[in-house]
Amino acid sequence: MGTTLANGQSLTSRGTKLTMADGVLSITSGAGAGKVLWKAGTSGHPNAKAVMEPSGNLAICAVADTAADLDACTADTTKTKRLWSTAVPATTAGPNNAAASFGGYALLHNRGSLVLYNVKGQSLWSSGTAIRHDYNGDGRSDLATWYDYADGGDALHTMLAGPTGAFGEPAKSFSVGPDKYWADHMKFTTGDFNGDGRGDVAAFYGYDDGRVNLSTWLSKADGGFNTPTTSWSVPAGEWSFGRMTPRSGDFDGDGRDDIAVWYDYADGRDRLWTFTANQQGGFNDPFASWTGPETGWTASKSKLVIGDFDADGRDDMAALYDYGDTTVKLWTLLTEPNGGFQEPFQSWTDTTWGDWARTGVHAGDFNGDGRDDVAAWYDYADGHDGLHTFTSLSTKDGSFQKPTAAWSTEAGRFWYPSMKMAAGDYNGDGRDDLAAVHDYTDGSMKMWTWTAKTDGTFNSPLGSWNPATGWNYDRLTLIGQHH
């Protein structure tokens, strides 16, 4: 965006609109009737402007009524007061970081998030309104599935979400005949890898001879997928496919999702690697950042989720770690501007949580405050189930508040081991929801959506797609599923 955005002016990026009106800066979704995803400022100031200040802050400035109100927005020539500011931390805009002190810019990315950068191109702040895995660009998250047919063929299907968060029939796009792919040799992830505002699919493939490669299926405007392109591959002996746990997110804040791989070495070490995405949706060679101690961390005891927990425009990682008793800890690994990861810090712990194995974790902005949270599904021993929300703290340090009960149901209605679940904003209201395909004992399946409320709790689930025949739950991979 330019130096100012005056009253009545707006910017649009793939249907998402940034508007300055009556003292309020707002982002509206391209879904439905243009739902407000985020807003800042105070109404009743028709002459107010959104201003990029030399300090690097984005501010909303209005003409000062009195001298006492004067708080000059230094990019403006009139005597003004600030109604709102991104309040970039002093460590970023202070005298000890002169290269980042003066100048900066804000971008409205194709996937719907407004991000503030310093002159080095490092993200500092985000509105947190990026839409996850929106495959057709309509402002709502969708679901993609990989299906492994009994004859050996494989296909990608897209399940588009409607205004209520319900899902329609899966549509097949990319497909291949027998013996081209083996689903057990693939590890999938999803993100907007080329930055065009639509979600894509990527997968690591592990060959029998030890080779590993990484391919991308870019999305089409109708929500389907193109044939894949391979951007990274290594010969046998360099990487072990079985020791890789991939997750996707925009770790360097450039508007394109990247891939992080947690690598569990045979000698007990653990390390995080980042594959940054290029403009074509492929990936650069990986680089390593955090390396764990030789003992104390292992991938098999970590349930990993990705989200922007500190609202700086870069996605981070959280790990729910099992300590072998009733103790669980939630650890946060914040990202660096280059997409690497910092040392983990403990962001929540409990000695009476229960069974780590009965817990499923998912990340998303469930209360719509611009910071991602963590939702935990718990499968109780008596058969009932419940959702709990770990809301991100307003201090923006990547920590979480203690979990609050977000939804529960009686015994026998749902069974988490027979569910494949993913988070996303399926109704386009600016809050992430949960959706799952459920397998039933009679061989049928059904889609369910838990839409989020403004307090981060969840509504009763909405049922949708329910195929009578032709689908096998065990052959379906829900891409983006976390455990």
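Phenylalanine 341 touches Phe251, Ala260, Leu272, Thr274, Ser289, Trp290, Asp316, Met317, Leu333, Leu334 and Thr335, with residues up to four places away in sequence left out of the list; contact here means heavy atoms within 4.5 Å. The residue is found in the loop between β25 (328–333) and β26 (345–350), where strands (E, at least two residues) and helices (H or I, at least four) are DSSP runs numbered from the N terminus. With a relative accessible area of 5%, phenylalanine 341 is buried, a term that stands for under 20% relative accessible area, as against exposed for over 50% and partly exposed in between (1.4 Å probe, protein chains only). The C-alpha atoms of phenylalanine 341 and serine 392, which are 51 residues apart along the chain, are separated by 19 Å.

The model is predicted, and local features need a pLDDT of at least 70, side-chain atom pairs count only at pLDDT 80 or more, and totals for chains, interfaces and linings use all residues. Residues are numbered from 1 along each chain as its sequence is written, and side-chain values use heavy atoms, with hydrogens and water left out. The mean pLDDT of the protein (the predictor's confidence in each residue, from 0 to 100) is 91, and 93% of the residues reach 70 or more. Over residues 90–101 the pLDDT is below 50, although this stretch has 19 contacts in the model beyond near neighbours in sequence. Where pLDDT is low, the predicted coordinates should not be read in detail.

Aromatic pairs were counted for rings of Phe, Tyr and Trp (its six-membered ring) with centres within 6.5 Å, planes under 30 degrees apart being stacked, over 60 edge-to-face and the rest tilted; the count comes to 49. One of these pairs, formed by tryptophan 262 and tryptophan 297, is tilted, at 5.8 Å centre to centre and 50° between the planes. Tryptophan 262 lies in strand β20 (residues 258–264) and tryptophan 297 in the loop between β22 (287–291) and β23 (302–307), so the pair ties together parts that are 35 residues apart in sequence. Tryptophan 262 is buried at 0% relative accessibility, and tryptophan 297 is buried at 11%.

Tryptophan 407 and tryptophan 450 form an edge-to-face pair, with 5.7 Å between centres and 75° between planes. This pair links strand β30 (residues 404–409), which holds tryptophan 407, to strand β33 (residues 445–450), which holds tryptophan 450, the two residues being 43 apart. An aromatic cluster is formed by Trp146, Phe174, Tyr181, Phe188, Tyr205, Tyr207 and Trp217.

Three strands form an open antiparallel sheet in the order β9-β10-β11, two strands being paired if DSSP finds at least two bridges between them. The edge strands, each pairing on one side only, are β9 (105–108) and β11 (123–126). Strand β10 (residues 114–117) is joined to β11 by 3 bridges, and leucine 116 has tryptophan 125 in β11 as its bridge partner.

Threonine 145, placed in strand β12 (residues 143–148), is buried at 1% relative accessibility. Apart from residues up to four places away in sequence, threonine 145 touches Ala155, Leu156, His157, Met159, Leu476, Thr477, Leu478 and Ile479.
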